[in-house]
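Here's a quick briefing on charged side-chain pairs. Take a look at the sequence and structure first, then read on.

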Amino acid sequence: MNLLISFFLFFLLSITFHLTTAQRNPSISFISKDKVVNIGDQLELKCQVQDAGNYPVQWSKLGSPQVTLSTSQTIVTPSTRHHIRYDDRDSTYTLLIDKVQEIDAGTYRCEISIGASNYHLKSSVSDWRVRKLFFPGNP
């Protein structure tokens with residue numbers, strides 16, 4: 001009888017441990033909206049994630065080819081103008097681009113990489129467009 005009770009308690013503890021350690025599906029809960037910036041300004045691109053755990057969060061500039069700018073809290077592009085800031089209070093990854101140049105114009109994406117299959121979660125509002133502002137007399 002004691003063996004049966006011990007087995008039952010072990011079984012309940014195992015299920016409880018499994019349920020409490022199971023990871024939820026990661027998601028992108030917020031990303032900044034499109035905006036236009038002036039050449040020379042600083043651009044902040046914010047991406048808030050939920051339940052990402054140890055999965056890397058990446059900022060990329062889309063195009064041909066696509067360029068990965070950061071992975072989690074590390075900038076991977078060789079540039080002194082790009083920085084990443086992580087706020088662990090709300091799990092926000094902010095990509096900062098100093099002194100925006102015309103070459104920075106384009107679409108940016110925040111992704112959570114999941115597994116070896118390179119499957120990415122993408123937010124439909126994750127695209128940022130940076131455009132040069134034109135003024136009279138400035139082609």
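Glu44 is partly exposed, with a relative accessibility of 28%; here buried means under 20% relative accessible area, exposed over 50%, and partly exposed in between (1.4 Å probe, protein chains only). This is a predicted model, where local features need pLDDT of at least 70, side-chain atom pairs count only at pLDDT 80 or more, and totals for chains, interfaces and linings use all residues. Residues are numbered from 1 along each chain as its sequence is written, and side-chain values use heavy atoms, with hydrogens and water left out.

How many salt bridges does the structure hold? There are three, a salt bridge being a side-chain nitrogen of Lys or Arg within 4 Å of a carboxyl oxygen of Asp or Glu.

**Strand to strand**
- Glu44 pairs with Arg85 in a salt bridge, with 3.7 Å between the closest N and O atoms.
- Glu44 sits in strand β2 (residues 43–50) and Arg85 in strand β6 (residues 82–87), so the pair ties together parts 41 residues apart in sequence. Strands are DSSP runs (E, at least two residues), numbered from the N terminus.
- Arg85 is partly exposed too, at 38% relative accessible area.

**Loop to loop**
- Arg81 and Asp104 form a salt bridge at 2.8 Å, N to O.
- Arg81 is in the loop between β5 (74–75) and β6, and Asp104 in the loop between β7 (92–97) and β8 (107–114), so this pair ties together parts 23 residues apart in sequence.
- Both Arg81 and Asp104 are buried.

**Arg89 and Asp87**
- Arg89 forms a salt bridge with Asp87, the closest N and O atoms lying 2.8 Å apart.
- Arg89 is exposed at 74% relative accessibility, whereas Asp87 is partly exposed at 23%.

Terms used: Helix = DSSP H or I, 4+ residues; strand = E, 2+ residues; numbered from the N terminus.
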